[in-house]
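The stops below go from one selection to the next.

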Amino acid sequence: FLLVTECRGILDNNQRFSSLPTYLRVSYRIFSAETSFFLKEANQDFMRNSSLQTRVESFFPYKAKRPPILNASYGPFSVEQVVPQDLMLTSNFFGSANKFTYNWKLKAYIMSDKIYLSKPKVQVLFYIVGRDWDDYSTTERLPCLRVFAFRETREVRGSCRLKGDLGLCVAELELLPSWFNPPTVVTGRKKPLDQFEGSPVELYYTIQPGDEKRECTAEDIRKGNAIRPGKDGMDEAMSHLQRIGSVSLYRGQETSQLTELRLDSNIVVWLPSKPVKQGEVVNVYVTVANNSTVDQFMLRAKVKKGVNILSAKTSDPRQWDVKQEVGNGGKHSTTTVICQRIAPSSRNRSNSLFNEVVQMNFEIASFSSLSGTQPITWQVEYPRKGTTDITLSEIFICQKDLVGIVPLAMDMEILNTAILTGKTVAVPIKVVSIEENSAVTDISESVECKSSDEDVIKVSDRCDYVFVNGKEMKGKVNALVNFTYQYLSAPLQITVWVPRLPLQIDISDTELSQIKGWRVPVVSNKRPTRDSDDEDEDERKGRGCTLQYQHAMVRVLTQFVAEDSSPWGQLSYLLGSDWQFDITDLVMDFMKLEDPHIAKLQEGRILIGREVGMTTMQVLSPLSDSILAEKTVTVLDDKVTITDLGVQLVAGLSLFLQPSAASSRAIVATTIAQELLHTPKQEAVVSTWIQFSDSSVTPLDIYDSKDFSLSAVSLDEAVVSIHQNSALKWPVVAAEGEGQGTLIKVDMMISEACQKSKRKSVLAVGNGNIKVKFGQNDADSDTGGDYDADEIENHASDRRHKVSDQERYGQDGRYYGSSSAEREEGTIRKVSTTAKSVIKNKVIKNNRLDGGKLSDDSQLQNIPIDFTNFPAQVDLPKGNAGMEENDLVQTPRGLSDLEIGMYALLGVFCLAILVFLINCATFALKYRHK
């Protein structure tokens, strides 16, 4: 059994190792993910990371083509685990694809939402978003789709199978003529539909695998539970269906679409907007504005070779007299139509804006390509008024019956990291056309495109990809890029996430001081800083050492946001407003300190004080002179002392993954240090944190290992032995015999180069707990059977530090624990706790929780049960027994220089008063004697 407990409550005044978050200093890395982030959840650092034995970290795999692998390592120990697909919410729609489909999403596009009785066919295009178009291995394994149209109690079905490089297909539904009749039953208070309103029909789809021949099976995946009168199981059937949308049915004929071409304020020409085929006759209508006073005009039209000019006839013989003249040239043909009004205008009796005068007919005789245009130029001449400017119109020619075009994006989101890195982020685009027979053609090279807002997203000149280059001003949900092909156009909707500015620089300690007693060699390019008197004397002797400055950990955080489509442009957050993304690796090359003499930044992650003063840490834009983030750092003139050394023994690592309770897309990783040594000569390493007199805490391993040394002493050689590992440069503990307790004493000393004498200068002392039991792993439980959560928690509590009452309590009843975990035990009992169980294979109450995943092949091997036994942090020894007089050992009870001076002055005053009293007593005795 494995129980992970998170204590949530308010601690009382009992001292713990630190009031700041402390954790096991494991390094996390994510492999096999194109884009991933570690996360910071609001107000969760202290709640989760408060033990030297564990580290809890949230992460988010944003893009991945293969299952991501999380690796956790510390010293010589390393453990990794493949992130289970159930934690990544991978869609199970593509189960038959036999492929990792984390970023795959199925999109449906209804080609026309208005269906007429003359063409009672519904076409739906399906395609996969997030699939790599260059990945051909899944072409023949994509699933089938079944589409359903429902009207009242009737249904119509269709199907298609996803295929091709783009992973798309078109499903057809032939609607019954009776569906275009008005509804037979009007439910509730709904009024009957107007004749101009369409009858709504709902569309749904479901996914099913293909058969062995990779064809769509005729068997309904809903097992016959179609929605028909008198059938049961309707709700169950609908639960398997995904809604696409709705279409409207119209009984009338589809009206021909005409495009208006205005020649001047009087004459307007109307041309077809849809393409025509070879041999078809194009009808062009010439109209006069209703409010025009023109009685005579001459219209000239010129066409290229391949278009034949046919007749021109009057539309209203009672109003207009029309004459036509045709002239044929080598490359062009012209026609002149003379229009003369023969009756008074009837514009006052007409409700329309235009009156039709003449209908001109043109025949498309030939064309040079399958798709193109034929231009027609127009010019109007008025008697005694001259001619108008030439106006150009185009007739689209196509041998295909196109229904529409659809722009396809490989992904529907763009994460604009170009603002942070200066590197362009692009998403490939394809545009396809769909014909009446559902044939799909790639027309990407023939389209035109334009972004609706280039401050959000841009599109390439060839319309083959959309991109962001870091010069964008904002993000947007469903930003639009419009694509046009002949008379057809369609928008592409894509969401652009941008980092929220200014970025947040998170520094564990913004005020750095010198550490008293910790001397380090002076770097050649760094002048010595002011030190204590004995340090100055030491430097005058040529030792070349100065005091160490405090270090701090640095990371850069941000949120990815996008404005929604509302008029107010409210912000939407990727994952949510409580989550921040660690982007330190992206901006590391653009981080700097304004004054590098005051402090320096090491590897973008560690801040080191160098000289007293104040400076600013900045993150610069890679594309401009702007500052994306800044934070003030102060190097103080005062000195701090090391007040505590927390020690944790690490004999191995266990890694657990579980879903985050705050976001379904975030994953929580927990790494636990194993304290139990269960085989002879098994080794463990030491993990340490140091606490300073200014209450700050920091892991010791962020300091240069050349500036200090650690030595360990076994308090029971029969149980554990200590040896120094030259590769690790830190002490290594080896198991010799069974036993447990606070058996390791660790000394932290300054570097050998800065030792004043042969007697070592000890900066801090810490103790470590360890348990050696051969044949028993951390996961082994002393009791068998099944327990509920309370029983397991109590059992773990009973197995806490097994030390005698004399060690725990003194004569006055006060608690004297050997570790800070014991010091806070009484406190933890007083606060409320929330337990979360993370189990694998065998779980509490025999309920399987998918959140608990073990990284070890041995499943329950090497997993600690005694979680309430950490953190294994220790008090410093109460005295300096066994140490030489000049050894530097700082304890929480140490006196500052000011206190020593005050006590010395008080002693002088007391001595003076004593001398005065002695003098007074001597004088009194002499006076009485006289």
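Select Cys545 and Cys754: these two form a disulfide (a pair of cysteine sulfur atoms within 2.5 Å), with sulfur atoms 2.0 Å apart. The torsion about the S-S bond is -95°, a left-handed link. Cys545 sits in strand β37 (residues 545-549) and Cys754 in the loop between β56 (739-750) and β57 (762-772), so the pair ties together parts 209 residues apart in sequence. Strands here are DSSP runs of E, at least two residues long, numbered from the N terminus. Cys545 is buried at 1% relative accessibility, and Cys754 is buried at 0%; buried means under 20% relative accessible area, exposed over 50%, partly exposed in between (1.4 Å probe, protein chains only).

This is a predicted model, in which local features need pLDDT of at least 70 and side-chain atom pairs pLDDT 80 or more, while totals for chains, interfaces and linings use all residues. Residues are numbered from 1 along each chain as its sequence is written, and side-chain values use heavy atoms, leaving out hydrogens and water.

Next, select Cys449 and Cys463, a disulfide with sulfur atoms 2.0 Å apart. Cys449 is partly exposed at 21% relative accessibility, whereas Cys463 is buried at 3%.

Move to Cys160 and Cys169, joined by a disulfide with S to S 2.1 Å. Both Cys160 and Cys169 are buried. The count comes to 3 disulfides.

Finally, select the open antiparallel sheet of 3 strands, ordered β7-β9-β12; strands pair if DSSP finds at least two bridges between them. The edge strands are β7 (105-110) and β12 (168-174). Within it, Leu125 has Val170 of β12 as its bridge partner.

Definitions and conventions
Helices (H or I, at least four residues) and strands (E, at least two) are DSSP runs, numbered from the N terminus.
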